[in-house]
Amino acid sequence: MTISTSRLHPHGAHRVLEPAGAMPQDAWRIDNTPVAAPNELLCAVDVLNIDSASFKQIREACEGDPERIGAHVMQTVAQRGKQHNPVTGSGGMFVGRVLEIGEALRDKIVLRAGDRIASLVSLTLTPLHIESVTRVDAVTGQVWVRAKAVLFESALWARLPADLDESVALAVLDVAGAPAQVRRLCSPGDTVLVVGADGKSGLLSCAQAKLRVGETGRVIGIVPDGRTQSARVLRDAGLVDELIVCDARDAVRASEAVAAVAPSLADVTVNCVNVCGTELASILSTRDGGTVYFFSMATSFTAAALGAEGVGRDVTMIIGNGYTKGHADTALQTLRDHPHVHAHFNATFSRKTQ
Ligand code: NAP
């Protein structure tokens with residue numbers, strides 16, 4: 001890397017290779033040289049948690065073959081210097097160990113070399129240098145690598161909690177923005193709809209919504225299949241008052257099913273799916289004056305904006321900012337507070353590092 005120290009930027013603009021003037025997230029290509037500049041952290045990466053919308057697209061393109069998925073990830077990173085899926089535009093995050101702290105950061109940061117952390121900023125802006133992919137879990141989207149990554153001065157990260165399996169913590173931290181926003185958006189007495197209720201963010205959002213709305217409120221989930229283990233968790237743990245089994249891409253059917261159990265519609269709708277085409281179902285299921293929180297990376301701004309206009313629904317639509325103050329703690333605590341959800345995450349993700 002040939003960066004003059006006078007150009008060092010807190011958000012990593014000094015790593016952008018093309019186009020000029022871009023920031024690392026919207027850049028096509030960034031410099032992934034695995035060396036820490038004075039205001040950067042260098043980490044050894046063990047596992048990548050690829051964003052669900054991205055992983056679904058990669059898995060389909062590679063016909064579910066773990067070897068091809070690994071090669072696909074290697075190729076993206078070789079081209080762009082980061083795991084930034086050019087089709088979905090989304091990334092993920094990583095778990096690893098701090099190797100080196102740039103000299104300008106050493107007195108400003110509480111981390112030390114050797115600390116294990118999870119990155120809380122997207123892989124779409126994280127300089128990543130992969131030596132090899134050692135294992136791919138084609139179900140969970142976790143990818144084991146020998147790699148190094150750079151975190152910028154302004155990057156968010158979390159120490160891995162001692163009481164949770166690392167792969168479980170990684171899965172929860174990846175979607176930490178969802179339960180934390182749900183906690184902020186929902187009030188006692190609200191009717192909350194979670195679309196894609198049986199995924200990682202969906203389960204945690206339902207759990208958090210149930211806590212917030214209290215006995216006078218209701219939580220409704222939409223899932224594509226009512227027979228899965230996660231759908232059972234939603235029912236058995238009482239995380240939803242109603243579980244609707246339907247394809248959320250079918251806006252008419254989905255919104256009619258919601259109206260059948262909640263004639264006044266949802267006050268707050270949280271979209272947690274990993275597929276395109278569910279904006280209208282979310283909007284039509286939300287009352288005038290209500291809020292739709294699009295956490296899904298498969299959300300289309302155009303479909304949401306023009307869809308809401310087209311059906312004359314005056315809803316506030318929020319883009320799912322992956323960061324909300326205190327999101328990591330809220331998400332991890334949501335897991336700890338819900339033994340059924342915790343057991344399900346353990347069964348799905350834990351011990352995958354061994
Ligand atoms: P996940 O665990 O894969 O969950 C997605 C859920 O959507 C699955 O349960 C899936 O059900 C369900 N689903 C798929 N198609 C559906 C349909 N047609 N109708 C109803 N439900 C459907 O994903 P996640 O990790 O929770 O992530 C959820 C979304 O958030 C993804 O789009 C991801 O990219 C995004 N994300 C956003 C941020 C952010 O910062 N905003 C951060 C991380 C992730 P099946 O499994 O049965 O298909």
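Tyr293 and Phe295 are both buried, where buried means under 20% relative accessible area, exposed over 50% and partly exposed in between, with a 1.4 Å probe and protein chains only. The structure is a predicted model, in which local features need pLDDT of at least 70 and side-chain atom pairs count only at pLDDT 80 or more, while totals for chains, interfaces and linings use all residues. Residues are numbered from 1 along each chain as its sequence is written, and side-chain values use heavy atoms, with hydrogens and water left out.

A search of the whole structure finds 2 aromatic pairs. Rings of Phe, Tyr and Trp (its six-membered ring) pair if their centres lie within 6.5 Å; planes under 30 degrees apart count as stacked, over 60 as edge-to-face and the rest as tilted. Tyr293 and Phe295 form a tilted pair, at 6.1 Å centre to centre and with 40 degrees between the planes. For Phe345 and Phe349 the centres are 5.6 Å apart and the planes stand at 35 degrees, so this pair is tilted. Phe345 and Phe349 are separated by about one helical turn because they lie 4 residues apart in helix α11 (residues 339-349); helices (H or I, at least four residues) and strands (E, at least two) are DSSP runs, numbered from the N terminus. Phe345 is buried at a relative accessible area of 1%, and Phe349 is buried at 5%.

Turning to the sheet, 6 strands form an open arrangement in the order β11-β10-β9-β12-β13-β14, with parallel pairing; two strands pair if DSSP finds at least two bridges between them. The edges are taken by β11 (242-245) and β14 (316-319), each with a single partner strand, so one side of each has no neighbour in the sheet. On average, neighbouring strands are turned by 15 degrees against each other, direction ignored. Axes here are lines fitted to C-alpha atoms, for helices over the stretch in contact, and angles run from 0 to 180 degrees between N-to-C directions.

Within this sheet, strands β9 (residues 191-195) and β12 (residues 266-271) pair in the parallel sense over 4 bridges, and Val192 stands opposite Val268 in β12. Helix α7 (residues 251-261) packs on the sheet and touches β9, β10 (218-223) and β11, contact meaning heavy atoms within 4.5 Å. The direction of α7 makes about 155 degrees with that of β11.

Strand β13 (residues 286-294) pairs with β14 in the parallel sense over 4 bridges.
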